[in-house]
Amino acid sequence: MKDILYGTAYYYEYLPVDRLDKDIEMMKAANINVVRIGESTWSTYEPQDGVFDFSPLDKVLDAMHTAGIHVIVGTPTYAIPTWLAKTYPEVMVQVDGQRKPYGARQIFDITNPTFLRYAERIIRKMMQHVAHHPAVIGFQVDNETKHYGTSSDNVQKGFVQFLKREFKGDLKQLNQEFGLDYWSNRINAWEDFPSMDGTINGSLQTAFETYRQKLVTNYLAWQVSLVDDYRLANQFVTHNFDFEWRGYSYGIQPEVNHFDASAALTYAGGDIYHPSRKHLTGTELSFAGDELRTLKHDNYLVMETQAQAFKQQVPYPGQLRQLAYSHLASGANMVEYWHWHSIHNSAETYWKGILSHDFQPNPIYDEVKQTGTELKRLSSHLVNLKIKANVAFLASNRSFTALNAFPFSDNHNYNDLFRSLYDQFYRLNIRTDITDETHIRLQDYQLIVVPALYSVSDAFLDKLDDYVKRGGHVIYTFKSGFTNEHVKVRMDQQPGRLTRSTGVHYNLFVDPDGTQLVGQSRSLRQIADTSLQDWMELLIPDTAEILATYDDPNWSNYAAITKNHYGQGSVIYLGCYPSAAVISQLVADYTQELGLRRFTAAFPVIIKQGTNDLGKTVTYYFNYSSETQLVSNPVRGTDLLSNQEVVNKLVLNPWGVAIVESV
């Protein structure tokens, strides 16, 4: 890209009055240079079956082009019109045998032939209408697409065909591999295959979820293929992936394999929401950005992020500006707010945009205006930031799903464990990528962090072993290597094939029930919070060094955390779920030993670095606190925001940011 894109979602169709010219005037004053439109208005563009009216779309496109504002057009298929649901009720998603009623968005079956026929028609009609419009720079296919829990008859039949292909029609092998003799679940004829709505078999559950994730991958690729029939060579196609939702973007999306689904896109895109005010740490922006950047090993687009949002997410002064730069520091080339104006009716009335319901300038708009002015001036220095990480987190959708079938905790899931580790790397200012076992480039990284790789093939474990032998380093957690790719428990001593590189084995795992860690290394002995939660493996060291044990006298002969040298590399194994303080110290010690820590500063000072198009190093400094922070020995160069030279120290105001460019 030539410039940073800074903009907002704009819904002319939702306006209570026509104020398009005034909105554009305010956008121009704020140096907004891109809007996203169209993705949620199928019923406006096709009010009745086969009756099309794109006049609202035309009006916005023409006005934006006249104003010099770029447009991204979304295909409008994530919310269906009433007439489609009324005429063809079979398009509604079926979950556990029940069809969902009409009203909400994303309530249709993405595999239903009738839905697909009508979706293709509206996409083609829209593309014929807009693809050559000079305002349009790209397209977004659908919106935060997932499989929505679909388990309709055609999905069930498709799943059977999926298994037939995987097992080459060998039903005996399927029964054996999935353990279907248990509770008389054995399937003796393919035509007797039961619905997955009632299955108690974790292998089938995981395979079914993998299949439904593939449905999302195929659905998005299908939409991209339709757009490709019309888009120009200089127009891109993207999608706005979202993440596990806990009132904000939290972790890996369980319903979509982002790593596969991104293949058809020009740019990876995402919707990134986060806590605000005193709860803001920037972790969610970094986590989502690391994943989105690694999907295509390229810069990505923030399709949605919050301006005001709900009452608990209204930012402190300075935070909105800081957050825009935080996205860019992780590799984003676009930051786009959801949305421009607050909506006056329906479900998201109080998810507020840049403008409140009165459409008047306000502190949020003023901060967008300040940021837009700065970005216009600095775009050539900030666009296309190239980032090199020496650490990769290995995400596993299959393990996530399998651990839902066999949870290690009543209170925590895969993402909690993932974030327990990720957050500590972030707080120590260590750059990371996030990838998966299919797409990881092992040779690119000095350290791989592997949370709960519960379901995994022998072949990939052997690759990880070989990676360590050749000088790589790994952090494994409990529940890794336990089952194969079909969630069949290995008959080896646990942790299965990982016993070689970890230098430990175990036969027993227990509930901590108040047990505490006992640090054996000097640094871990200093930790005050030695509490454990959810899980303990009673490790027996073979060749590994013991870093921590358990304080329960009945378990005190077992190891809790170990470190092992294997070939030219090394492995840390966490056989338990320790406190954040313990994980932080382990990460600090290990990364220091491996030479991975480039900065001495730690949270609330966050530092991110990359190389810009001018061949210069750009170092972002953020203060995620309400107190002024002093950074000693910062990178020398020019602070692009203040145009001041940075030499021996750097003062960061509350929620402040500095961007230092150096040769």
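Biologist: What should I know before starting?

Modeller: The model is predicted, so local features need pLDDT of at least 70 and side-chain atom pairs count only at pLDDT 80 or more, while totals for chains, interfaces and linings use all residues. Residues are numbered from 1 along each chain as its sequence is written, and side-chain values use heavy atoms, with hydrogens and water left out.

Biologist: How many aromatic pairs does the structure hold?

Modeller: A pair of aromatic rings is described by the distance of the centres and the angle of the planes. Rings of Phe, Tyr and Trp (its six-membered ring) pair if their centres lie within 6.5 Å; planes under 30 degrees apart are stacked, over 60 edge-to-face, the rest tilted. Here there are 47 such pairs. Take phenylalanine 287 and phenylalanine 418: centres 5.9 Å apart and planes at 90°, so they're edge-to-face.

Biologist: Where in the chain do phenylalanine 287 and phenylalanine 418 sit?

Modeller: Phenylalanine 287 is in helix 10 (residues 283-296) and phenylalanine 418 in helix 14 (residues 414-427), 131 residues apart. Helices here are DSSP runs of H or I, at least four residues, numbered from the N terminus.

Biologist: Are phenylalanine 287 and phenylalanine 418 buried or exposed?

Modeller: Both are buried, meaning under 20% relative accessible area with a 1.4 Å probe, protein chains only. They also belong to one aromatic cluster, whose members include Phe243 and Tyr422.

Biologist: Which rings does lysine 479 lie over?

Modeller: A charge counts if NZ of Lys or CZ of Arg is within 6 Å of the ring centre and within 35 degrees of the ring normal. Lysine 479 lies over phenylalanine 482, at 4.9 Å from the ring centre, and over phenylalanine 509, at 5.8 Å.

Note on methods. Helices (H or I, at least four residues) and strands (E, at least two) are DSSP runs, numbered from the N terminus. Buried means under 20% relative accessible area, exposed over 50%, partly exposed in between (1.4 Å probe, protein chains only).
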